[in-house]
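Hi there,

I am passing a structure on to you, as promised. Please have a look at it first, and then read my notes below.

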Amino acid sequence: MTRPAAVLLFIAAWSGAVIAQGAGAAARPDVSGYWELRFDSFHVPTAVLTTQAQAAVDARRKKDLDAVRGCVNIGMPALMNDHATLDIRQSAGVIGMVAKSPSSTRYIYTDGRKHPGTDELEATTNGHSIGRWDGATLLVDTVGFNARGITAVPGGGFRTARSRLTEQYRLSADGQQLVVTFTWTDPTVFRRAHSYAFRYYKVGSISEPRVVNCIAGDADRVRFLTDPPVPR
Amino acid sequence: MRTLYSLIAAGLLAGAVAHAQQHVSIAPDLSGMWILQDPGSGSWSEFYDNVPKPQLKPEIITDNEAIAARERAGNVVNRAQRTATCPVGNLPMMMGSSPPLNIVSSRDEVLIGAESNRARFIYTDGRPHPDVKDPAYVPSGFGHSIGRWEGDTLVVDTIGFAPRVCDSRRPVMLTPGGGRAKDTTHLVERYRLVNADELSVTFTWEDATVLLAPHTYSYTYKKLAEGTPIENNDEPNAQPQQTYITDQVEK
């Protein structure tokens, strides 16, 4: 091989490698990883509730407590502010999120699909989420919630079957922080759109086990939740 | 001199390719919703055991006969109490059940969820297994899985299963064909996309306390395009004595 041929061969190979890398990296940041919330992770204004929502807050709070007692899947939005590390995994067409608390895996479809029609949409605690990338920001739209699990929304209010959640995910330049803004709309609950933001910190690894073994019949647990210890 | 240029070019080319491979995943994307193909038995238990027969140790055969006799006598309800020490998950049953698997395949980890419920995790970031004999290790019905790509095949190695499960009828997890998955068990799975719509998984179970030889069988899963997972809406309080898996089976 002559010197010019060798140089040309290398330039061609390097260009191909860089182009291929760019195609994968520039289009979609990878939000995969273990993410935790810390003491300074929360920017949560107070929600402005409708009159009917204000009247329903206490009943909802009791219902949420029942869900915790019963080990019911917590669902959204509680899944996103779980007290343990959140595991987020991203593939080309779907993003999976696993919390440690009792919950279904949350899936965000980024393959271009739409929400199912109302006759096909089965309401769940997490709702049905679709996402698309707008530059480096992941925009997520979620509908189809049911009334099970923890329904409380940070800042006030709760989710209902009429709720819609839009989220924006932005990864920091160094990939170590993930800022998510949440905006809830629901004419039966919020007088105006309610937005708040969480900042997650990436952690290198987490220890097993990954699932809380929630025992609904654990008498001590139920007693703590319903009749908590008081100072003597 | 010409040889020297050739060597330099080859070295640089290899470096460029390695650089590209670090940043662009060449592994097949297993992500999607996959449903197990039942050959049409119509019976889950018949399907579950419709695999090449394992070579079981005599004591396991005897135990299987005892379980079958108890079930014929009506012992079909799990009456074990759920306690905090009950292990979570049941890998062989999850992989062999009708609820579709939701796979999210990322670079460092593969999630496999059953319907929209809990997921098992396959670490593909190069980590080793933990010391599963360490008291700090919490065994589960999913065990601890690590995976690596061999060409187009994801090879998954699992150990660290729970020695017992909270099931009064069968206190140890059963594997297809009548084997057992427990703390002495080693499982190797091989995941390969046959085509865009078919996923083949070959399971090989090894356990000298259960099997006289490794037990291998394969499942084929079909992709559900745009499938939406449903959620298990059973109220745990409604059936406090039954495990989730038991609920699934008995329905």
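Arg89(A) is buried, at a relative accessible area of 3% (buried means under 20%, exposed over 50%, partly exposed in between, with a 1.4 Å probe and protein chains only). Its side chain forms a salt bridge with that of Glu109(B), 3.4 Å from N to O; the term stands for a side-chain nitrogen of Lys or Arg within 4 Å of a carboxyl oxygen of Asp or Glu. This pair crosses between chains, joining strand S3 (residues 109-114) of chain B to strand S2 (residues 86-90) of chain A. Glu109(B) is buried too, at 0% relative accessibility.

A word on the source: this is a predicted model, where local features need pLDDT of at least 70 and side-chain atom pairs count only at pLDDT 80 or more, while totals for chains, interfaces and linings use all residues. Residues are numbered from 1 along each chain as its sequence is written, chains are lettered from A and ligands numbered from 1 in the order in which they are written, and side-chain values use heavy atoms, leaving out hydrogens and water.

In chain B, Glu150(B) has a salt bridge to Arg148(B) at 2.5 Å and another to Arg190(B) at 3.5 Å. Arg190(B) in strand S9 and Glu150(B) in strand S5 lie 40 residues apart. Glu150(B) is partly exposed at 33%, as is Arg148(B) at 45%.

Chain A has 3 helices and 9 strands (DSSP runs of H or I, at least four residues, and of E, at least two, numbered from the N terminus).

Enjoy exploring!
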